[in-house]
Amino acid sequence: MDGPSLPGPSLPGPSDRAAPGRDARWLDADEQRAWRAYLSMQGRLAAALNRQLQLESGLSLADYEVLVHLTDTPEARLRPYELQWALQWEQSRLSHHLTRMRRRGLVEREECSEDGRGAFVVLTEKGRQAITAAAPGHVGVVRRFFFDGLSREEVALLERLSTRILDRLDDADAAPEGDAG
């Protein structure tokens, strides 16, 4: 069953062969449908998760992601660069977002005694209460829209595929500049 046509560039035709990037390995029809379905699913799922969090807890999906990373550490604190790497956010985005979260009392900044210029982002009690209250509704939406529609075998396959792609991204991050590997 074909879904709605998604907007985007069409595959290049013979006249495009002289254009820059002519050596690109264009997506075939199956790959293009899979890629566009993935992008659509990712965007719609993120929007559904964000709506649910906003409605039920007043947190954004970005707030929730920050709080999850902090609660995943034994001391509920991370250096900003560790949080930036875990979230894969630009430094300015993280800085602005943490400022907003500090104003709301969800996190605080704690100076690092070992490094006078460094600091930690620390989960506050209010932040812990917020994620504890938000988590059941959030996981309910994740289960409803994502996992409940998959078999155990499909979940295992999804994990293997995701891990394979993450490994390729890790390899690309580790490669020297200019090495397209």
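Two residues are in contact when heavy atoms of theirs lie within 4.5 Å. Keep that in mind for the first stop.

**Stop 1: the whole chain.** This is a predicted model. Show the protein chain as a cartoon. Among its contacts with a separation of 6 or more, 51% join residues 24 or more positions apart. The chain has 181 residues, and 24% of them count as buried. Its secondary structure is made up of 6 helices and 3 strands.

**Stop 2: the core.** Select Leu59, Val66, Leu67, Leu70, Leu83, Leu98 and Val107. Within the largest nonpolar core, these residues have the most contacts. The core has 25 residues in total. Now colour the elements that give it two or more residues: α1 (29–57), α2 (61–71), α3 (80–87), α4 (91–103), β3 (115–123) and α5 (125–145). Which element gives the largest share of this core? It is α2, with 6 residues.

Next, zoom in on Leu83. Set aside residues up to four places away in sequence. Leu83 then touches Val66, His69, Leu78, Leu94, Leu98 and Val121.

**Stop 3: Ser60.** Move to the loop between α1 and α2, where Ser60 sits. Is Ser60 buried or exposed? Buried means under 20% relative accessible area. Ser60 has 14% relative accessibility, so it counts as buried. Display its side chain and look for Asp63. The Ser60 side chain reaches the backbone nitrogen of Asp63 at 2.9 Å. Then look further along the sequence. Beyond its neighbours within four places, Ser60 is in contact with Asn50, Leu53, Gln54 and His97.

**Stop 4: two loop residues with positive phi.** Select Ala76 in the loop between α2 and β1 (77–78). Its phi is near 55 degrees, a positive value in a residue other than glycine. Ala76 has a relative accessible area of 5%, so it is buried.

Now jump to Gln88, in the loop between α3 and α4. Gln88 is not a glycine either, yet its phi is positive, about 60 degrees. Is Gln88 buried or exposed? The cut-off for exposed is over 50% relative accessible area. With a relative accessible area of 57%, Gln88 is therefore exposed.

**Stop 5: the largest pocket.** The largest pocket has a volume of about 1,700 Å³. To find its centre, select Tyr38, Gln42, Ser162, Leu166 and Leu169, the closest to it of the 29 lining residues. The elements that give two or more residues to this lining are α1, α2, α3, α5 and α6 (152–174). Which of the elements gives the most to the lining? That is α6, with 9 residues. Colour the lining by class. You will find 20 nonpolar, 5 polar and 4 charged residues.

**Stop 6: the second largest pocket.** This pocket holds about 290 Å³ of space. Select Pro80, Leu94, Ser95, Leu98 and Arg109. Of the 17 residues that line the second largest pocket, these lie nearest its centre. At least two lining residues come from each of α3, α4, β2 (107–112) and β3. By class, the lining divides into 8 nonpolar, 4 polar and 5 charged residues.

Finish by keeping Leu98 selected. Leu98 lies among the residues nearest the centre of the second largest pocket. Leu98 is also one of the residues with the most contacts inside the largest nonpolar core, and Leu83 touches it.

Methods. Residues numbered from 1 in each chain as written. Predicted model: local features only at pLDDT ≥ 70, side-chain atom pairs only at ≥ 80, totals over all residues. Heavy atoms only, no water. Core = buried A, V, L, I, M, F, W, Y, C linked by side-chain atoms within 4.5 Å. Buried < 20%, exposed > 50% of the residue type's maximum accessible area, 1.4 Å probe, protein only. Helix = DSSP H or I, 4+ residues; strand = E, 2+ residues; numbered from the N terminus. Polar contact = N/O pair within 3.5 Å; in protein donor to acceptor, adjacent residues only side chain to side chain. 1 Å grid on protein atoms, 1.4 Å probe; cavity = no way out; pocket = protein on both sides within 12 Å on 5 of 7 lines; lining within 4 Å. Points joined across faces, edges and corners; volume = space filled by probe spheres on them. Nonpolar A, V, L, I, M, F, W, Y, C, P; charged D, E, K, R; others polar.
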